[in-house]
Amino acid sequence: MKTYTQEELVGRGKLELKQIIQQEGYDITYNNATTQPELVTEILDRQEKRAAVAPPPRPDEQEPPAAGPRGRRDRQPAEEPPPGQGQQAAAKKIRIACGASSGNYPVIGLTVGAARAELHQVLNIGSEHMPRVRGSQVDNDYVLKEGDDLEFVRNAGDKA
Amino acid sequence: MTWTSAPVDTEAGVVQDTVVLVGVDNNDTKNLIDRYAGGQDNIIVICGGNDLTDGNVQVCIRQDGKEVTQSLSTVHDEIAHPKDRSPHKMSCEELAIASTPQLFFANETVAILMCWVFWHVAEHPSYLFSPTFAELFFDMEIGKVNAYPRLPQPSTPSIPGATP
């Protein structure tokens, strides 16, 4: 478990903050309307509560300090999974995209609905986003196969 | 074939062989333009829109009465079945309530991406027959732009149970 400073959190985007919430297992409810400052406040609050009940980590367990004045140098594309285990592993992954977010994920054999549930926070997939496999609309029961690519079509921008 | 750019004449409609740049921010109007474009033999619609920090640009090309890329509403169900209303159908009070904060940088990004597409349309004749992309999504939060092809799907889908 990692503890973030307010400065580190303020320098991160909403998607990264949501990923932190997932990684750390914080019980924080949010939706697309939740603002970045609200997420920062909630994470800091959960960290304080966790620190109050947990013993401090041993020195050899502590994470190295984040690089850069705002902790941004260590940013990774939030939606990309960790580096693959070689070409064989990459071949067993399917590209999943939603709007500007995308990545390759090991979801062969899963239904579209299961992939949606698994990745809805990482790729910011809404329940209204229609799934398409290789350009054709499919339903949530479709089972993903090798060679497929899955897109959840994000709504067109309308300043709503 | 010569393409021209002309303002929309609501009485006469949009003339043939026109590039239409759409920035209307409501699905009802996009639906209207999409249906009109679907009846034209040769037309290009470049439609951009954004929310606070993300957005998209979609290009629909029709050549000789056939789709080169999918229509706005084929890809976007919210345009096919709009739940909003065109501003000209709304009262001043409704317009004021519907107004949301806007970010200059997001508006500029969607305008520039529309220019990317227009540049392809104007400078690369092959793009009109074989576009490398027909929709762009951007997200300032994660610093990315994704491109999608949006080619017309065969009438018999290759995926069992899929809708073209």
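Predicted model: local features only at pLDDT ≥ 70, side-chain atom pairs only at ≥ 80, totals over all residues.
## Helix α5 of chain B

The buried residues of α5(B) are A106(B), T109(B), V110(B), L113(B), M114(B) and V117(B). They lie on the same side of α5(B) because they cover an arc of only 135° around the axis. The cover over these buried residues includes four strands of chain B: β1 (18-22), β2 (43-50), β3 (54-63) and β5 (135-139).

## The hairpin of chain B

One of the strands that cover the buried residues of α5(B), namely β5(B), also takes part in a hairpin with β6(B). Strand β6 of chain B comprises residues 144-148, and five bridges join it to β5(B) in an antiparallel arrangement. Within this pairing, D139(B) has K144(B) in β6(B) as its bridge partner.

Four residues lie between the two strands of the hairpin. In the turn, G143(B) has a positive phi of about 65°.

## Chain B as a whole

Chain B contains five helices and six strands. Along the sequence, these elements follow the pattern β-α-β-β-β-α-α-α-α-β-β. Of the 164 residues in chain B, 34% are buried. Among contacts in chain B with a separation of 6 or more, 58% are between residues 24 or more positions apart.

## The sheet of chain A

In chain A, five strands form an open sheet with mixed pairing, in the order β2-β1-β5-β3-β4. Strands β2 (101-105) and β4 (136-137) of chain A stand at the edges; each has a single partner strand, so one side of each is left without a neighbour in the sheet. Helix α5 of chain A, residues 112-119, packs on this sheet and touches β1 (94-98), β2, β3 and β5 of chain A. The direction of this helix makes about 65° with that of β5(A).

Strands β3 (residues 130-133) and β5 (residues 149-153) of chain A run antiparallel and are joined by four bridges. In this part of the sheet, P131(A) stands opposite F152(A) in β5(A).

## Chain A as a whole

Chain A has five helices and five strands. From the N terminus on, the order of its elements is α-α-α-α-β-β-α-β-β-β. Buried residues account for 31% of the 160 residues in chain A. Of the contacts in chain A with a separation of 6 or more, 53% come from residues 24 or more positions apart.

The average pLDDT of chain A is 78, and 76% of the residues score at least 70. Over residues 59-79 of chain A the pLDDT is below 50, and this stretch has 27 contacts in the model beyond near neighbours in sequence.

## A loop residue of chain A

G11(A) is found in the loop between α1 (6-10) and α2 (14-24) of chain A. This residue counts as partly exposed because it has 18 C-beta neighbours inside 10 Å, whereas 20 or more would be required for a buried residue. G11(A) and Q36(A) are separated by 25 residues in sequence, and their C-alpha atoms are 9.9 Å apart in space.

Key: Residues numbered from 1 in each chain as written. Chains lettered and ligands numbered in written order. Buried ≥ 20, exposed ≤ 12 C-beta atoms within 10 Å, placed from the backbone. Arc of directions from axis to C-beta. Contact = placed C-beta atoms within 7 Å. pLDDT = per-residue confidence, 0-100. Pairing = 2+ DSSP bridges. Axes fitted to C-alpha atoms, helices over the stretch in contact; angles between N-to-C directions.
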